[in-house]
Amino acid sequence: MESIIAFIKESRKKHGLSQEELAFKAGVGLRFLRELERGKTTVQLDKVNNVLNMFGKQVVVIDKEPGHDE
């Protein structure tokens, strides 16, 4: 999850967007975006995808490499 959080923060700043602007454009609430960027563990993946979609990305399910249990 840390890589998603870092990507969102960095991309938002790179594109010159405030949290308010990104939340509005992604169709999510400001509170949700703030909690997402703070790493709240109980976020809704559909809303995460709404935010990531602004940067041409999405959360997907992939097979883990053997030996990478977390």
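I take contact to mean heavy atoms within 4.5 Å, and helices (H or I, at least four residues) are DSSP runs numbered from the N terminus. This is a predicted model, where local features need pLDDT of at least 70, side-chain atom pairs count only at pLDDT 80 or more, and totals for chains, interfaces and linings use all residues. Residues are numbered from 1 along each chain as its sequence is written, and side-chain values use heavy atoms, with hydrogens and water left out.

Entry on α2. I looked up its buried residues (under 20% relative accessible area; exposed is over 50%, partly exposed in between, with a 1.4 Å probe and protein chains only). They are Gln19, Leu22, Ala23 and Ala26. Seen down the axis of α2, they fall within an arc of 100 degrees (taken from the directions from the helix axis to the C-beta atoms), so they line one face of the helix. I found them packing against α1 (2-14), α3 and α4 (45-53). Exposed Phe24 and Lys25 are on the face of α2 turned away from that buried side. Just after α2, I noted Gly27 with a positive phi of about 75 degrees.

Entry on the pair. I checked how α2 (residues 19-26) packs with α3 (residues 30-38): the angle is about 115 degrees and the axes are 9 Å apart. That makes the two roughly perpendicular (65 to 115 degrees). The contact uses Gln19, Glu20, Leu22 and Ala23 of α2, and Leu30, Leu33, Arg34 and Glu37 of α3.

Entry on Arg31. I found Arg31 in helix α3, exposed at a relative accessible area of 66%.

How values were computed
Axes fitted to C-alpha atoms, helices over the stretch in contact; angles between N-to-C directions. Parallel < 35°, antiparallel > 145°, perpendicular 65-115°, else oblique.
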